[in-house]
Amino acid sequence: MFNENAEVILEANHITRKFPAAGGKTLLANNDISLKLYKGKTLGLVGESGCGKSTFMRFLVMLDKPTEGEILFQGKDLTKLKGEELRQFRRHIQMVFQDPANSFNPKLRIRDIVCEPLMNFGLITKEEKDAKCRELLEMVELPGDFADRYPHNMSGGQRQRVAIARALALHPEILILDEATSALDVSVQKTVIDLVTKLQREKGITIGFICHDIALVASCAHQVAVMYLGNLVEVLPGDELHTRAVHPYTKALMGSIFDINMDFSKPIESIDSEAPSPLDVPAGCPFANRCDSCMEICKTERPVMTDYAPDHQVACHLFKNSSL
Amino acid sequence: MLKFNNVTISYGNNPTVKDFSLHVEQGQVVSLVGESGSGKTTVIRAALGLLPGGGKVTDGDILYNGKSVLTLSDAQWRKMRGTEISMIFQDSGAMMNPTKKVGDVFVEYLQTHEKISKKDAWNKGIMMLEKMRLPSGDNIMRSYPFQLSGGMRQRVGIAMGMTYSPKLLLADEPTSALDVTTQAQIVRQMMALRDVYGTSIIVVTHNLGVAAYMSDYIVVMKHGVIEDQGDRDHILHHSENEYTRKLLEAVPSLGGERYV
């Protein structure tokens, strides 16, 4: 029940994003998504490739604008910002990408990479760069001497730490991690998650964490949102995910995880069919054609997000009438 | 059936895999796990004579049914690959010619291995695709690789690899590029191959959960040497190797340790 004592820092209301596609079709990447980010908490966004999770997070860092909907942050609608005001707002929300090898300029030294945001906003002078860089590198548990290196002289985990140092250089209120650990080995992934959660506790940063690994999300998010084909299907607290998730898709996702503590004598559960193309989403519930409990209404009417339990919403006709 | 005897594999003068020994029995599933750069892919590539440029087995021997594979001629290799041993790659789409339809690639593959008319080969392809539970095989044969989803491409790769019911299947990160629900389907399919045809499988993966589910025997590699090995139960629950423990602890688990 975290939202009683947590303050809403960002609110996305009815976000829809359509992309034009070949043949006059439209691709519905986000369909009526409403989510809240709470101060100092982590929102984990899970789903399979192409479900629209990155599309949504890109709105929060203002790399793209939704077709419809609003995103409220500090009393402003982020989707309406322009010019210098937009530039200033970027300081509040920063992002770490999946592959830092591709998001860094290979010709810059780590010092210049880490201090670039600070220099852009005129917050430090050239002379202060070295000291500031050391301080930031030490914050992410890297030796200060790395300032003289180039990105290609570092391992993937080290580069990801540099990306985190750079993102936090401006003291943002919100940090977006887009599959930030997916390219790393498991033991490195663990140390990066340890670092991020430690920094979150120290600085009270709000985190938006995009990830396809539902077990990892469950272990490090306060609030988990599950997406399928551009639609939000379930939102619930992270610590309740494995016990209280009810949506058939969330359950299918969890059933198909290979866990080292699972019962190996039981065959792995999974849905057999393929997800439909996002260009051709079924009329009713997007999950209808793969769902075991599909009813007549599911094929014609799209379910909307309804309260299922405290802090727990689900979009499924099965749970429409259940009382709290 | 496949034996690695103290194999050392080098690129140039750098030994990448050192003193690797492993014995795979008929019908056994063995997995090689380890982090990037631990040499796990190099090992299975060596077993199929597919080491990339400059890679060579410099010490030890690899025996298939008692015969060394290191001295095979190109013609002997061609006979062996696909019929005795076949391989599934991380992205089967990348091994197909992007300018050719799946069916043309499949027909070419079949005609390399046996004397068969184009029409028969086409039908045989459809039959194999349907065995891999790919519906409307004819449609898939007439598609280009990029028109298929990752899971479908992977199943086409497995269908091709399994056409001649090879006795040994080498799988290099077969599910790493796939979504979890698709991964579960592919793993199920590979296990069915073992159960139905008695195929031995060596699977290279960094996903310890998949390795644990599939294998009878697990080999943990680090920096080119075997760090730990044993049957599944031993590795998961009784291993005292520090590295193995560290890897296992790092795997996130539903309902397991929480960071927040």
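**Helix 1 of chain B**

I looked up which residues of helix 1 of chain B are buried and found B:Lys40, B:Thr42, B:Val43, B:Ile44, B:Ala46 and B:Ala47. Buried means under 20% relative accessible area, exposed means over 50%, and partly exposed lies in between (1.4 Å probe, protein chains only). Helices are DSSP runs of H or I with at least four residues, strands are runs of E with at least two, and both are numbered from the N terminus. Since 6 of the 8 residues of this helix (residues 40–47) are buried, it is largely enclosed by the rest of the structure. Just after the helix, I noted B:Gly49 with a positive phi of about 65°.

I keep in mind that this is a predicted model, in which local features need pLDDT of at least 70, side-chain atom pairs count only at pLDDT 80 or more, and totals for chains, interfaces and linings use all residues. Residues are numbered from 1 along each chain as its sequence is written, chains are lettered from A and ligands numbered from 1 in the order in which they are written, and side-chain values use heavy atoms, with hydrogens and water left out.

**Chain B overall**

I listed 11 helices and 10 strands for chain B. Its radius of gyration, taken over C-alpha atoms, is 19 Å, close to the 18 Å that the globule rule gives for 260 residues, so chain B is as compact as a globular protein of that length. The globule rule is 2.2 Å times the number of residues to the power 0.38. Along the principal axes, the C-alpha atoms fill a box of roughly 55 × 50 × 30 Å. Buried residues make up 53% of the 260 residues in the chain.

**Largest pocket**

I took a pocket as an open set of points on a 1 Å grid over the protein atoms alone, where a 1.4 Å probe fits, with protein on both sides within 12 Å along at least five of seven lines; lining residues have an atom within 4 Å of a point. I found 44 lining residues, with A:Ser182, A:His212, B:Ser176, B:His206 and B:Asn207 nearest the centre. Among the elements that each supply at least two lining residues are helix 8 of chain A and helix 1 of chain B.

**A:Ser219**

I placed A:Ser219 in helix 8 (residues 214–220) of chain A. At 3% relative accessibility, A:Ser219 is buried. Beyond its neighbours within four places in sequence, A:Ser219 is in contact (heavy atoms within 4.5 Å) with B:Glu257, B:Arg258, B:Tyr259 and B:Val260.

**A:Gly230**

A:Gly230 lies in the loop between strand 9 (223–228) and strand 10 (231–237) of chain A. I read its relative accessible area as 0%, which is buried. Not counting residues up to four places away in sequence, A:Gly230 touches residues including A:Leu28, A:Ile33 and A:Cys51. I also checked A:Val281, 51 residues along the chain from A:Gly230, and the C-alpha atoms are 9.3 Å apart.

**Positive phi outside glycine**

I noted a positive phi of about 50° at A:His171, which is not a glycine. A:His171 is in the loop between helix 6 (156–168) and strand 7 (174–178) of chain A, and is exposed at 57% relative accessibility. B:Ser165, also not a glycine, has a positive phi of about 35°. I located B:Ser165 in the loop between helix 7 (150–162) and strand 7 (168–172) of chain B, partly exposed at 36%.
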